[in-house]
Amino acid sequence: MSSEKARLATMWFYGCSGCHMSFLDLDERLVDLAKVATLVHSPIVDIKHFPPDVALTLIEGAVANVEQVETLREVRKRTKLLVSLGDCAVTGNVTALRNAWEHGDRAVLERAYADPSNLNAQIPNLVPKLLDYARPLHEIVKIDHYIPGCPPNADQIYYVVGELLAGRQPVMEGRSKYG
Amino acid sequence: MLHVTLQQGGASINPNNVRLRINGSEVAVPEGTTILKAAALNGVEIPTLCEIEGLTPYGGCRLCIVEVSGTSKLFPACTTPAAQGMEVTTQSPKLYEYRKMVLQTLLAERTHICAVCVANEHCELQANANNHGVDHVMYERNWSCESIDSSHEFLVIDRNRCILCTRCIRVCDQIEGAHTLDLKFRSKSTNVIMDQDQNWGQAMSCTSCRKCAKVCPVGAIYIENENIEFTKDRDIAAFLSKRRRRSR
Amino acid sequence: MKQLKLDDLNKIVDQELEFGQAYNYRINVCCSTSCVSLGSLKVLKAFEDAIKEFGVENECKVARTGCIGACSVGPTVLIEPGDYAYSNVTPEKVRQIVRDHIVLDLPIRDMLYESGTFFQKQHRLVLRNAGKIDPGRIQDYICVGGYGALCKVLTNMAPQGVINEVLASGLRGRGGAGFPTGQKWRLVARAVNTPKYIVANLDEGDPGVYANRSLAEADPHAIIEGMLIAAYAVGAEKGYIYIRSEYPLAVQTLQKALAQAKAMSLLGSNVFETPFKFDIELRLGAGAFVAGEETAILASVEGKRAMPRPRPPYPANMGLWGKPTLIQNVETLANIPLIVQNGSAWFAKTGMTKCSGTKCFSLTGKIANPGIIEVPMGMSLREVVFDIGGGVPGGKQFKAVLIGGPSGGCLPEQLLETAIDYDSLLKVGAIMGSGGIVVLDEDDCMVDTARYFTEFCVDESCGRCTPCRAGLPRMLEVFNRITHGQGELTDIGTLEKASVFIRDVSLCGLGQTAPNPVITTLRYFKNEYISHITEHKCEAGKCYTSRYNKEEPA
């Protein structure tokens, strides 16, 4: 490995942030990771725009609105390796529960905002337009690696990140874990 | 060592009269033994989903496909009887790839969301997918919206999780003798139904024996308010069919 | 009931011949499904009235017959002697035909079917009697030598002798897979379990294929006689003819034929005063493509859901109700009386060495002379499409021929020299199937064609095995993306991977052959896929019409 630290990023789309919690569960191994990588973008790092020349990006959550589609395509251009982190990113998972019943922006927003309110129901008009279906990342862009799990445990994340940063291909047989 | 055959009726059989090779090592099994059983008797595990001991084999899920030398065709181990001189391969890159595809198509077929499923971590589809390193599904998933029936007192069927292995249908017919469950329609509309496609609560032939929930490999049939670990019982069909054979 | 003897058969033949000689003309009006739908029953009535009107009813016999094959120009009327085929006959034209042809003995050239080499290039064995005999009269069949073969085997041949004869003839199953018929018979004959059964497969589910229907409507007794001979050879006691209920006329014809055969003691016990007994029952299918698969047909005959089961055990050992069962396509069975009558050496002269005899096809699509044809094995596709079929009409460019129905292969022009036989077709990725040939021209899009047949197989999958039930719909989704202009180049790889998976892993013939149109179009017409994906261009103009235009999904 070169003396320069690898540029590492994480992203958070429509998910519960559980995968990031798992990432933080690396605990003291975060210190080891910090020796070889710098975190250049993350929900826990206050940088608004996704930086260029990223070596490895982990993305949590499914793609559910038009803004995320744009962002994901942008991220794909700026990162060398893209990893789907957790079931929402890999399959759609809980985010995709809505796929089976109602489709479209309006139906989902009504269910979320209008139905539960007794008084003065309002649907926010500033949020980006929702997609008809919440989609796993690999249906939008090419994904290099997948870490299923709801959430994936810290060991899995550590293993995959470690292997990828070392330039090896992680082996998922027996390591992947849906649900 | 057990010498049980899957032939219905269990006629007395001269043991060790079929010799074959499984993954290179020679084994001998009674005539009529399936490749799956022959492999299991000799410590070779072949992944299965629709197969369950004690019921007639179905050959539907195609997870247990094996290669037999001399033909390019693949055979399901659960239904193919071992034959003299057969050379069976149970593991190869091609088989592995095909098994992964089987699991992917099953996962893509209906709305399988492990995180919210009662059978999470006690699911044979999930376990097989994990063991085969199915870390994603290459096809677009089909977000099915099949009906859920909770009209029965305590049995629930969520057809969105069903993989149509028909274990429940077979156990209901062959062990319980009720034949409440069966299939309707074909192709992707195929579904498990009760009696004449009635609500489960109105299905008069159902004896509420719970065996369907016990053998369901996924979370499609389950018992309300019961821990899934307690419900699932893979051995029940084998156990009951053996008992009944003895008492007969 | 008095038992029928060979003498009685001869007596019937003599009577019929005497009866027939009284007439100078025989007017055969095609009353099979396609001609009936074009009004041939009215034509039949008009002929009956016209011959009375002209007072020639003693010179001229009007018969309702089966199909001569030229289904696009129906109703067709064949006047013997001379085999003058009149096409597009309407009740209005009948008087003129009777007046000129019968009364004045001047065939009307203008009204004759201009077929080119449609008939000349054909070789009619199975359809030998189609359009010539009245399928509703057993005497007509007996008169052309019918049931003579049955009499011959029952009185002069041992079962093994019959099997040897069929083996020597080189006849192969006409249902599609082409398993040697004699070998199949030998397997069933050797099976120890009894009783044994025979199932005649008349469940023709492929879109656009109706060769078996045509046979059953034209010559039902040939099927029955073939079954009887097969029953004698393998030692079966009971037979079933499994027919689609969508073929009401064929069902009716067969019912009538069975009743006649029973009345003459050709079915039942002590046939031809021998200990041989056999009975046939009709079973109507509920219209599932998969029910034509040999194990699904068994389930359906037993009254169960038509679902195939894995083989082994093979039906020859464990078929209907677990008993040895011989399953044959009706076209195979119709060949049997000929082989017995004329000998295997005679039969083997037609066709090719490894693949003898003929094959019936339904020729449809963009073709000048669509209809039912029968050609010797080994004829090239080019001869079938251009010489018999008359090529693509309207000056359009030929593009491809789909042979083998929805699970066949699309072959391009450069493969038209391929000989029609099981092995050559398999080599180029097509199959014989149950005998459908669909011709496609420049207006047909190969991607759309593959998509259409994938959709058909998606709907017809029985739901048992994973690759076919859950895999085919995924393939269809990819097709829908491509034909909606949302495809990506990686989709081609996905299709290739999925089609090979479905072919290799599926349980029965339906799934194993369902990806054939996809595999062959990817092999021979890949450029069309690429232009659909990269240039969003469909040269045939089938895809991305306004109804397809949808906004991009994401």
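Which residues in H19(C) meet which residues in H22(C)? I started my notebook here, and I found Ile492(C), Leu495(C) and Glu496(C) of H19(C) meeting Lys526(C), Tyr529(C), Ile530(C) and Ile533(C) of H22(C). Contact here means heavy atoms within 4.5 Å.

**Ground rules**

I am working with a predicted model, in which local features need pLDDT of at least 70 and side-chain atom pairs count only at pLDDT 80 or more, while totals for chains, interfaces and linings use all residues. Residues are numbered from 1 along each chain as its sequence is written, chains are lettered from A and ligands numbered from 1 in the order in which they are written, and side-chain values use heavy atoms, with hydrogens and water left out.

**Helix pairs**

I noted first that two packed helices are described by the angle between their axes and the distance between the axes. Helices (H or I, at least four residues) and strands (E, at least two) are DSSP runs, numbered from the N terminus. Axes are lines fitted to C-alpha atoms, for helices over the stretch in contact, and angles run from 0 to 180 degrees between N-to-C directions.

Next I turned to chain A, where H2 (residues 29-36) and H6 (residues 154-165) pack at about 15°, with axes 12 Å apart. That makes H2(A) roughly parallel to H6(A). From H2(A) I listed Arg29(A), Asp32(A), Leu33(A) and Val36(A), and from H6(A) Ala154(A), Asp155(A), Tyr158(A), Val161(A) and Leu165(A). This contact of H2(A) with H6(A) has 6 nonpolar, no polar and 3 charged residues.

**Where chains C and B meet**

I counted on 33 residues from chain C and 33 residues from chain B in this contact. The two chains bury about 2800 Å² between them, 57% of it on carbon and sulfur atoms. Buried area is the accessible area (1.4 Å probe) that two parts lose on being put together, summed over both. Arg469(C), Arg474(C) and Phe501(C) supply 22% of the area that chain C buries against chain B, more than any other three residues.

**Salt bridges**

A salt bridge is a side-chain nitrogen of Lys or Arg within 4 Å of a carboxyl oxygen of Asp or Glu. I looked up Glu97(B) with Lys497(C), at 3.6 Å, N to O. Inside chain C, I looked up Lys238(C) with Glu281(C), at 2.6 Å, N to O. This pair links distant parts of the chain, 43 residues apart, with Lys238(C) in strand E6 (residues 238-244) and Glu281(C) in strand E7 (residues 279-285).

Most residues other than glycine have a negative phi, and most peptide bonds are trans. I noted a cis bond from Glu80(C) to Pro81(C), with omega near -5°. Pro81(C) lies in the loop between strands E3 (77-80) and E4 (84-86) of chain C. The bond from Arg311(C) to Pro312(C) is cis, with omega near -5°. For phi, I noted Asp195(B), with a positive value near 45°.

Definitions and conventions: Parallel < 35°, antiparallel > 145°, perpendicular 65-115°, else oblique. Nonpolar A, V, L, I, M, F, W, Y, C, P; charged D, E, K, R; others polar.
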